[in-house]
Structure formats: C-alpha cells, structure tokens
Amino acid sequence: MQLLHIDSAITGDQSVSRQLTASTVAAWVAAHPGTQVQHLDLAADVVPHLSADALGFRTGQAATTEAQRRENALSEALVSQFLAADVVVIGAPLYNFTIPTQLKAWIDRIAQAGRTFTYTDKGPQGLAGGKTVIVALTRGGVYSTSEGGRAMEHQESYMQTVMGFIGITDVRFVRAEGVAMGPDAKAQALTVAEGEIRAHTAVAANQPAVAKVA
C-alpha cells in the first residue's frame with residue numbers, strides 16, 4: 001500500500017496540522033503494516049501557482065518553450081504521484097477561512113481533465129476513485145458548531161467538494177478546533193483529534209462515506 005503524506009502549513013514545528021498528519025501517518029502504518037510512505041512538504045518544496053506556461057495540461061497545448069516543458073513535467077510528476085497513492089494524508093490548516101495557498105496550488109496541478117476527472121454528456125466524472133483521503137483540519141476558532149461559523153468556513157467544505165469531484169468517496173476528517181483559544185481549549189482539541197485519528201486509521205482503506213462534513 002502506498003501512502004502520500006502532504007503538509008502545507010508554513011509554521012514549521014509550531015504547526016498543529018503537521019503534528020496531526022504525523023500522528024495520522026504513524027497510526028496508519030501501525031494499523032496497516034507494510035505501508036510505504038512518501039512525504040510532500042508544500043511549504044519546503046513550493047509548487048508554483050498556475051501561469052500561462054503551466055496551462056498545457058489543461059488546454060492540450062504542446063510545450064514549445066523550456067519554461068512550458070518544465071511546468072508540464074512538474075504537473076505530470078505531481079499527478080502521477082497522487083494517482084499512485086492508495087491513501088493520502090493531507091494537512092490543511094485554516095488560513096483566512098480557507099486552505100493555504102500552497103495546498104491550493106497543488107490541487108490546481110492534480111485537477112487534470114483526462115487524469116483525475118473527465119467531462120461526459122451527463123456532466124463531470126471523477127477518475128481518481130479507489131483512494132482513501134484523510135484530511136487533518138486545524139482552526140484557531142470554532143466553526144463547526146454554529147450556522148454562522150459553518151458559513152464562514154471554506155476549508156473542510158472545499159476539500160470535501162474537490163475530492164468528491166475527482167471521484168474520491170472515502171474522505172475522512174480529523175478536526176482540531178479552537179487551538180488559538182487558550183491552552184485548555186487547545187489541549188481539548190488535540191485530545192478530540194487524536195481520538196478521530198485512532199478511529200479513522202483503524203478502518204480499512206476505500207470505505208465510502210466514512211466521514212461527513214461538519
């Protein structure tokens with residue numbers, strides 16, 4: 001089994017999402033011996049945002065310059081790495097009500113027509129099914145317990161939507177909310193998150209609709 005471990009937080013050792021992804025990966029490997037792990041750190045190995053030179057995979061345009069060939073090669077490497085994984089663990093802290101720009105840049109590279117989704121006469125169809133995605137969400141405040149909070153949050157809802165769009169039905173969320181609301185709130189959030197990690201990693205891969213959006 002191949003596991004792709006992705007971090008996107010820019011706060012290094014202070015990152016709660018990095019703590020949770022590391023714990024999730026360790027728990028998965030312990031529960032599923034023989035899992036092979038690759039680590040992609042989007043803060044250290046920054047994926048450039050899409051530019052005119054990077055649009056070849058979207059338009060079918062043949063690369064004619066060195067810059068285009070380099071961008072196409074990067075997009076191909078990232079989507080191939082993603083497609084080869086059976087399990088993907090993603091750290092997604094909440095930055096300004098959504099995911100980090102580093103993570104969005106990676107998603108823009110793997111959301112490729114003909115590779116991870118296709119258009120049909122009945123609408124778009126995902127091509128990346130058969131994977132388990134575990135997303136470690138961290139939030140300084142609490143967003144899941146009120147209608148107003150849920151309306152402001154474009155982190156979990158976005159990740160659920162984009163993974164569903166590319167065909168992944170087994171998306172599991174680990175949530176740590178209120179981590180900036182004092183030591184007691186942070187400790188409680190981490191305790192809850194660790195319980196969710198144990199529950200999610202004990203379940204076999206590719207089990208549809210394990211998690212629901214908060």
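Strand β1, residues 2–7, and strand β2, residues 36–41, pair in the parallel sense over six bridges. Helices (H or I, at least four residues) and strands (E, at least two) are DSSP runs, numbered from the N terminus, and two strands pair if DSSP finds at least two bridges between them.

Before going on, the conditions. This is a predicted model, in which local features need pLDDT of at least 70 and side-chain atom pairs count only at pLDDT 80 or more, while totals for chains, interfaces and linings use all residues. Residues are numbered from 1 along each chain as its sequence is written, and side-chain values use heavy atoms, with hydrogens and water left out.

Now the whole sheet. It is open, has five strands in the order β2-β1-β3-β6-β7, and its pairing is parallel. Which strands stand at the edges? They are β2 and β7 (170–177), each with a single partner strand, so one side of each has no neighbour in the sheet. On average, neighbouring strands are turned by 15° against each other, direction ignored. Further along the order, β3 and strand β6, residues 132–139, run parallel and are joined by seven bridges. In that pair, Pro93 stands opposite Thr138 in β6.

Next, helix α4. It lies across β1, β2 and β3, and runs at about 145° to β3. Axes are lines fitted to C-alpha atoms, for helices over the stretch in contact, and angles run from 0 to 180 degrees between N-to-C directions. Contact means heavy atoms within 4.5 Å.

How many of the ten residues of α4 are buried? Eight are, so α4 is largely enclosed by the rest of the structure. Buried means under 20% relative accessible area, exposed over 50%, and partly exposed in between, with a 1.4 Å probe and protein chains only. Among the buried residues of α4 are Gln102, Asp108 and Arg109, along with Trp106. The buried residues pack against β1, β2, α2 (56–59), α3, β3 and α6 (156–165).

Of those partners, take α3. The axes of α3 (residues 66–84) and α4 (residues 101–110) come within 8 Å and cross at roughly 90°. That makes α3 roughly perpendicular to α4, a label for angles of 65 to 115 degrees. On the α3 side the contact has Glu71, Leu74, Ser75, Leu78, Val79 and Phe82, which meet Trp106, Arg109 and Ile110 in α4. By class, that contact has six nonpolar, one polar and two charged residues.

Last, single residues. Asn96 is in the loop between β3 (87–93) and α4. Its phi is near 50°, a positive value in a residue other than glycine. Asn96 counts as exposed because its relative accessibility is 72%. Asn206, in the segment after α7 (183–202), also has a positive phi, about 60°, although it is not a glycine. At 34% relative accessibility, Asn206 counts as partly exposed.

Ala22, in helix α1 (residues 16–31), counts as partly exposed at 41%. Ala22 and Ala136 are 114 residues apart in sequence and 9.9 Å apart in space, C-alpha to C-alpha.

Conventions
Parallel < 35°, antiparallel > 145°, perpendicular 65-115°, else oblique. Nonpolar A, V, L, I, M, F, W, Y, C, P; charged D, E, K, R; others polar.
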